[in-house]
Amino acid sequence: MRLASLFLMVFVWLSAGSSAAAELSFDDRSEGPRVAIVGATVHDGTGAVLEDAVVELQGARIVRVGTGAPSAGAKIIDAKGKIVTPGLIAASTTLGLVEIGMEGSTRDTSRNGEDPIRAGYDASMAVNANSTLLAVQAIDGVTTAATTPQGGLLSGQVAWIDLLPGHHRDIVARPRVAVAGGLGQRVAGSRAAAFAQLVEVLDDARFYRSRKSAFDRRASRDLAAHRLDLDALGPVLGRTIPLVLEAHRASDILAAIELAKAQSLRVTIVGATQGWQVADALAEAKIPVIVHPSTNLPGSFDRVGARLDNAAKLHAAGVTVGIAVLGEAHNVRNVTQEAGIAIANGLPREVALRGVTHTIASAYGMEADYGSLAPGKVANVVIWPADPFELSTVPEAVYIRGTSIALRSRQTELRDRYIERLGVR
Amino acid sequence: MTATGVIYERGDVLMRDGKIEAVAAKLDAPAGVSVLDVSGKTVTPGIIDTHSHIGVYASPGWTAHSDGNEMSGPTKPEVRAADGYWPQDPQIDLARAAGVTTMQILPGSANLIGGRSVVVRPVPGARSIDDAKFVGAPSGLKMACGENPKRVYGEKGGPVTRMGNMAGFRTAFQKATEYRRKHEHHRAHADDEDAGPPPERDLGMETLAGVLAGDILVHNHCYRADEMLGMLALADEFGFEIRSFHHAVEAYKIADRLAEAGVSASVWADWWGFKAEAFDTTRANAAILSAAGARAIIHSDSAQGIQRLNQEAAKAKAAGERAGLNISEDEALRWVTANAAWALGIHETTGTLEPGKMADVVVWSGDPLSVYTRTEKVYMEGALVFDRDDPDAHHTDFEVGIPSAAGDVQ
C-alpha cells in the first residue's frame with residue numbers, strides 16, 4: 001500500500017466521527033490517465049449548454065469542461081452528436097436498503113418500533129453494495145442516490161451513495177448528509193401532535209448540544225429523545241446539513257417553512273403535492289422542493305388538488321424545483337420519464353435537467369462535489385445518444401467515479417438468457 | 001395509427017353514428033359531416049386497460065373506499081366488481097383524460113377466486129355502474145395465484161402454501177363441474193314427469209359453471225412462470241381456458257408456451273421487486289412475448305399508470321430494441337389497444353381503427369410513444385368526452401366544492 005493512500009484512510013477514519021465530514025469516503029484524487037469525452041453537446045446540470053465540448057475525467061474527478069482540443073495523451077471517447085449530462089441523482093430513495101419490498105429480511109428501510117424519533121438511524125450502516133437494484137438504475141443513467149430511511153416523524157440520516165455494485169467499502173460517498181423526516185399525521189394520529197413533538201425534540205437537541213457533559217453526568221433534565229437521536233440532530237441545528245421533510249398538505253408545508261425560520265434550519269421539502277398552493281411562501285423562504293411530477297391523484301385529503309403542473313407552477317413562482325421518483329427504490333430509473341412529464345406540463349427543459357442533477361445535490365448540501373459537470377466534481381457522467389428524457393433513449397455510456405460501468409444488470413442477464421433459450425432474436 | 005398493422009403518415013378517419021365508417025389516406029367528407037383538422041397530430045384507437053381497480057379502490061384511498069377485495073374467504077366467485085364500483089371516483093376523469101376509453105375493473109388479488117370483473121367506459125357523468133358498463137362485453141373472472149392469497153389467509157385458515165392455493169382452485173372447479181352436470185341434467189330432463197324441482201341455485205357455482213362453459217373469461221393474476229404453466233395444466237384438467245395472465249412478470253420465460261396455448265399476458269413495462277414473485281423481471285417482457293408470437297398487453301393495475309399506458313408501451317418497446325428485438329410502433333400500440341380488446345373479448349367491436357368498430361378514438365398532440373405527448377381529444381363511440389381546450393369540463397362529484405381540488409386557488 002502506498003503511503004499516500006494509507007494516510008487517506010487514516011484521515012477518512014478520523015473524519016468519520018465528525019458529524020459533517022466534508023470529505024468523500026473514496027480515493028477521489030485526480031491521478032492517472034485522462035479520459036476525454038469529445039464532441040458532444042454538454043448540459044452541465046446548472047443550466048449551461050456547451051456545443052462540441054470536451055469533458056475530461058481523471059481518476060474519480062472531472063478535470064476539465066470546455067471546448068477546443070483534448071489534452072495530449074488523453075484517451076479519446078468520440079461523442080460527436082451525443083448529449084452529455086451529469087449522472088442523475090435519485091433523491092429520497094430507499095435504494096441500497098431494500099431488495100424485495102415485502103421480504104423483511106431484505107429490508108433495512110426503517111428503524112421499526114413505536115418511537116417516531118429515529119434521527120439516529122444511520123442509513124449508511126445498512127447500504128448493501130450487492131443489491132441488484134443498483135445496476136438496474138445505473139445503466140439507465142442514475143449514478144448517485146440520497147439513500148433515505150423511512151417512517152416515523154424523524155426517520156434517520158441520509159447516506160449519499162454512488163451506484164457501484166460490489167463496492168462494499170466505499171459505496172457510501174458520504175454518510176449522514178441530511179436528517180430525513182416528515183410532517184403530517186405521523187404521531188398519535190394527529191399532525192398537531194407530530195409538529196409539537198418535532199419542535200420539542202429539536203429544542204431538546206439544542207439543549208443537549210450545549211450541555212452534553214451535564215447529560216453524561218445525569219445532571220440534565222429528561223430529554224425527549226435518545227442520545228443517539230439528539231446527537232444526530234446536532235449538524236442540523238448547526239446548519240451543516242439539511243433537514244429533509246416530506247410534506248404534502250399546504251398547511252404542513254407552511255409549518256415546515258415556519259419551523260425552518262423559527263429554528264434557523266436548512267430545510268428541503270419533499271413531495272409537496274399541494275406545493276403549488278403555497279408556492280410564493282416557498283419561494284420567499286428559498287426552500288428547495290423535490291416533487292414527484294406524475295403523482296396527480298387525490299389519494300388522500302392531504303393531496304387533494306394534486307396536479308401534473310405542480311413542478312411548473314412552483315418554478316414559475318421562483319421555487320427551486322427538484323424531480324424524483326419518491327419513496328421507492330426499484331424504479332428510480334424512471335426519473336427521466338418523470339422529468340419528461342414535468343416538461344410536458346410546462347417545466348422548462350433545462351430546469352428539469354437541473355432538477356435531476358444540480359438541484360438534488362444542492363438540496364442535500366452536496367453540490368460542491370456532485371450534480372454538475374465542472375472541474376473538481378466527482379466524475380459521474382452519462383453519454384446519451386439523444387434526449388435523455390425521451391422514453392426511447394438509453395445511455396450509451398455511464399461513468400461513475402470516472403469509471404465506465406458495464407451496461408448489464410440482473411434484468412438484462414435474465415432477458416438474454418431467455419432470448420437465447422427461446423431463440424427469438 | 002390504426003393498430004391493424006397499417007400506419008397512415010397522413011390519414012382520415014370518418015366517424016358516424018358512434019362507429020368508424022372509413023379509414024384511409026384520403027377521404028372526402030360526406031355532406032353534413034363536420035370536419036376536424038388535426039394535421040400534425042396523431043390519431044389512435046382509444047387506450048384499453050385490462051387491469052384496473054378504479055372505482056373499487058377509489059381516491060381518496062379512504063378505508064371506506066376499500067371495495068375491491070372480499071376478504072371473507074379465499075373463494076368468492078359470487079361477488080362482482082360491478083357492485084363495488086363508485087362512479088364518482090375522481091380517478092375515472094384522469095383515466096379518460098389520458099385517452100383510456102375502456103377498462104376492466106377487477107376485484108383484488110387477496111382471494112384465489114376474487115369474483116367477477118366488469119368492463120367499463122370511463123364516461124363522464126355516470127350515476128351508477130349501469131351508465132358505465134361496456135355493453136356486450138363478456139363477464140370476466142378474477143383468479144389469483146401465488147403470494148397474495150397465501151399471505152391474506154395464511155393465518156386465517158389457509159391457504160398457507162402454493163399447494164393450498166392449487167388445492168383451493170381444484171376443489172372449487174370440481175364442485176363447479178358437479179354443479180354444472182346437475183343443472184344440465186335437470187335441464188335436459190326438465191320435461192320428464194319425475195323431473196322434480198330444479199337444483200338449488202348457487203351464485204358462485206353459477207359463475208364458475210360459466211367459466212367451464214366458456215362464457216366467462218378468466219383473468220389470472222399470476223407472476224411466476226412455473227405457476228402459470230401449473231394453471232394452464234389445471235385449466236386443461238377441468239376443461240376451461242385462461243384468457244389472460246395478469247402481471248405475469250415471468251411471462252417471457254414461457255413466451256413459447258403462451259404463444260402455443262393462445263393465452264395473452266398482461267404485463268407492466270417495469271414494475272418489479274415489491275415481492276419475491278416479482279423479482280425476475282425484465283423490461284423486455286412484452287417485447288419477448290411479441291417476438292415469440294404471443295399476445296402481449298401492457299396493463300396498469302394503477303390509477304397513475306393507467307394515465308400513461310402509451311408511455312409504458314414506449315418503454316417496453318425501447319427495452320426490446322435494447323435487446324435486439326425490433327418492435328414496430330403498431331405492435332407497441334396493439335399492446336394497449338387491440339390485444340387488450342382481445343383479452344376482454346371485445347376485439348370485434350373496439351381496439352382498432354377499422355370500419356364498423358366503435359368510434360373510440362384519441363387525438364394526440366404528437367407521437368403517442370413520446371413522453372412529451374398529451375391527449376388533445378378523446379372520443380367514445382363518436383362522442384367527445386375529453387377536450388384539452390376545456391380539460392375541466394367533466395368532473396366527478398368528488399371535486400365539486402372542495403377548494404383547489406381541480407382549479408386554481410385564490
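B:Ala338 lies in helix 11 of chain B, which spans residues 338-343. The model is predicted.

**Surroundings of B:Ala338**
- B:Ala338 has 25 other C-beta atoms within 10 Å and is therefore buried, the cut-off for that class being 20 or more.
- Apart from neighbours within four places in sequence, the contacts of B:Ala338 are B:Ala3, B:His347, B:Gly351 and B:Thr352.
- B:Asp194 is 144 residues from B:Ala338 along the chain, and the C-alpha atoms of the two are 51 Å apart.

**Fold of chain A**
- Chain A contains 12 helices and 16 strands.
- Along the principal axes, the C-alpha atoms of chain A occupy a box of roughly 65 × 55 × 50 Å.
- Of the 425 residues in chain A, 58% are buried.
- Among contacts in chain A with a separation of 6 or more, 70% join residues 24 or more positions apart.

**Contact between chains A and B**
- On the chain B side, 44 residues are in contact with 36 residues of chain A.
- Two or more residues of that side come from each of helix 1 (91-97), helix 7 (255-261), helix 8 (285-291) and helix 9 (309-322) of chain B.
- Helix 9 of chain B provides the largest share, 5 residues.
- The chain B residues that touch chain A comprise 24 nonpolar, 11 polar and 9 charged.

Technical notes:
Residues are numbered from 1 along each chain as its sequence is written. Chains are lettered from A and ligands numbered from 1 in the order in which they are written. This is a predicted model: local features need pLDDT of at least 70, side-chain atom pairs count only at pLDDT 80 or more; totals for chains, interfaces and linings use all residues. Two residues are in contact if their C-beta atoms, placed from the backbone, lie within 7 Å. Helices (H or I, at least four residues) and strands (E, at least two) are DSSP runs, numbered from the N terminus. Ala, Val, Leu, Ile, Met, Phe, Trp, Tyr, Cys and Pro count as nonpolar, Asp, Glu, Lys and Arg as charged, and the others, Gly among them, as polar. A residue is buried if 20 or more other C-beta atoms lie within 10 Å of its own, exposed if 12 or fewer, and partly exposed in between; C-beta atoms are placed from the backbone.
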